[in-house]
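Visitor: Please take a close look at one part of this model, the nonpolar packing, and then at the strands beside it in the account.

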Amino acid sequence: MSRLGPEIHPLLTEDVVKALHGRKVWTVGDFVKVDTQQIIKIARLNFREVRAVKNYLLKKFSATPVNGFDFYKNVLKNTAIIPTGIKGVDQLLNGGLFTGNIYELCGPPASGKTHFVLTLIKNVILNMDQNVHIFDTKNDFSAVKMKQMLKNCDEDRRTKSLGKIIVNRCYTRYDLINSLYEIKNDLENNMKLRLIIVDSLPGVILNSNDHLTNNLYLNHIANIMRYIATEHHVAFLVTNLITTWTDGGFKTQQETSETITCGKYWSSVPNTRLRIEKMENSGGCKLSVLRSDTLNQKVNSCADIVPTEDGFL
Amino acid sequence: MNQPISSLNLPDSIIGKLANLGFNYCNDLGENVAQRANIPDYGSLKRAPKRCTALELCESESNWKPVTSFIPQLDCLLSKEIASGVVTELCGLPGTGRTQICLHLAVGVAGETVFIHTNNNLSVERLKEIAEKFVPDVGALMQKLLCIEATNFTELRATVQFLKTWLSNNQIRLLIVDSIAWPLKQQPLMERPHLIYRLFQELRILANLHNFAIVVTNDLTTRNTGATSSSFGDSFYHIVNNRILLSRVNNRFCAKTLKSANKNSEVFFKFE
């Protein structure tokens with residue numbers, strides 16, 4: 001809560017807050033910035049009281065520095081690796097999806113992004129005792145299809161597994177942001193969740209060509225995602241689209257160029273960006289790492305995966 | 001971390017006014033302040049859409065009654081693809097049976113179809129002919145079929161707005177837009193992608209609410225590389241859930257899935 005109110009500190013009584021608001025000291029930030037002498041005059045508190053309130057506010061609202069070693073220990077203690085269950089991909093990602101990271105899977109249309117997502121969900125709900133949350137922006141998630149993919153399990157296990165998938169259909173960017181904040185609140189109330197999937201971010205972003213506001217909302221989405229990822233040790237997987245453009249006309253035919261949608265701003269958000277593409281001749285798919293903060297890309301940079309009815313292998 | 005007010009669906013003027021008065025986060029903004037700032041329905045602004053488990057979803061999906069076109073071979077393919085909330089695109093060259101399939105579907109899902117035609121393609125005579133073959137009471141069917149002519153993009157969007165109110169009193173299972181290409185081609189090139197996304201966003205919200213499927217038809221075009229593909233590029237390809245390519249050799253028609261949640265398949269069929 002950044003606005004000053006009587007519930008923040010006992011010295012900030014309603015009268016004091018009213019006086020401060022009257023002089024346009026609205027928020028905690030304003031209070032800390034304004035000169036102490038001036039606040040003494042406005043709020044009719046003594047010097048020591050103002051200092052005490054300022055120190056209290058600074059302590060409560062500022063970010064706290066953490067010792068590097070403690071931070072490292074904390075990360076080691078809380079990070080989990082979620083295996084994708086696809087052998088080649090797990091090798092590529094050093095074991096699977098690391099919590100605290102945002103992964104992006106981008107690819108041309110109909111290249112197997114949603115199929116990859118379904119495979120990942122299937123393997124996680126079968127092998128881990130965790131819920132999976134999926135944001136579906138264009139009704140691509142089919143529960144019947146999921147059930148078919150689980151056809152090798154017995155009835156009991158299938159029902160239990162399907163109950164672990166939480167589907168959230170978001171058609172607008174506002175829906176998505178509100179839902180992410182709702183998840184944050186639930187996580188603070190001890191909900192257990194390790195993996196959140198956003199199937200198709202362009203589905204809520206490309207409906208406007210005002211790039212300025214698009215970036216604003218992408219920023220909001222990135223902020224809350226990063227917060228959830230690091231504070232609550234959750235892994236994110238976002239799918240994104242690659243569009244192919246040809247420059248020039250028929251006579252001046254030039255090479256085609258590829259663009260990853262959602263703009264340059266978004267490209268810096270995911271910690272690891274993966275690319276999926278269909279192989280023309282073999283019928284399989286290739287998954288490669290385009291950019292990564294954490295992976296050593298020189299060791300291995302691509303994996304071949306085979307699509308089957310029950311998911312990728 | 002608190003939700004900033006600027007992430008809500010509010011006009012910039014209101015957000016700016018609130019920021020000037022020190023309201024930056026939703027937590028600070030109570031119901032009474034929202035009312036004074038002329039924000040209607042503040043509660044629903046912050047509301048997240050309902051979640052459900054895949055188990056519940058599975059149940060409602062199983063209740064979906066598959067559509068039929070009265071062409072058995074084609075039904076094998078279509079009944080798997082056309083589902084509630086899903087956008088299916090039929091693309092093909094002229095004369096490959098796009099409109100014919102739409103007419104067949106309109107007869108097959110009798111009384112629960114909205115047919116939006118954009119390029120004067122709807123032939124009532126042909127519709128009647130198909131209906132006479134398969135349905136006992138043609139008059140009743142024709143009376144219940146809602147046909148809307150929308151020849152440009154503005155009309156198309158207005159139609160969607162009209163459907164919003166119309167659907168609260170009527171139940172449909174299928175919405176057909178015969179040729180999405182025609183109204184879109186009238187729009188400037190750079191504006192097309194976001195117009196498409198916005199249109200489908202509105203249609204999907206409606207489809208999810210009222211439980212119906214969407215079928216659109218599209219043209220083929222030649223890309224610079226020489227390959228033929230469906231019009232409107234990759235972003236359009238992304239926003240549709242399924243794409244079925246139609247082709248024709250002599251009197252034999254062929255439907256092939258290019259994009260689908262199921263395994264890609266191909267069927268051959270004939271119109272009666």
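Guide: What follows covers the nonpolar cores and then one group of paired strands. This is a predicted model, in which local features need pLDDT of at least 70 and side-chain atom pairs count only at pLDDT 80 or more, while totals for chains, interfaces and linings use all residues. Residues are numbered from 1 along each chain as its sequence is written, chains are lettered from A and ligands numbered from 1 in the order in which they are written, and side-chain values use heavy atoms, with hydrogens and water left out.

A nonpolar core is a set of buried Ala, Val, Leu, Ile, Met, Phe, Trp, Tyr and Cys residues joined through side-chain atoms within 4.5 Å; buried means under 20% relative accessible area (1.4 Å probe, protein chains only). The largest such core has 42 residues, and A:Phe116, A:Ile121, A:Phe141 and A:Ile165 have the most contacts inside it. Its largest share, seven residues, comes from helix α7 (residues 113-127) of chain A. Helices (H or I, at least four residues) and strands (E, at least two) are DSSP runs, numbered from the N terminus. Leaving out residues up to four places away in sequence, A:Ile121 touches A:Val132, A:Ile134, A:Phe141, A:Met146, A:Ile165 and A:Ile197, contact being heavy atoms within 4.5 Å. Another core, of 35 residues, lies apart from it and includes B:Val109, B:Ile176, B:Phe253 and B:Phe269.

In chain B, strands β2 (residues 87-92) and β9 (residues 242-249) pair in the parallel sense over five bridges; pairing requires at least two DSSP bridges. B:Gly92 stands opposite B:Leu246 in β9(B). β9(B) also pairs with β10 (residues 252-259) of chain B, in the antiparallel sense over seven bridges.

Terms used: Buried < 20%, exposed > 50% of the residue type's maximum accessible area, 1.4 Å probe, protein only.
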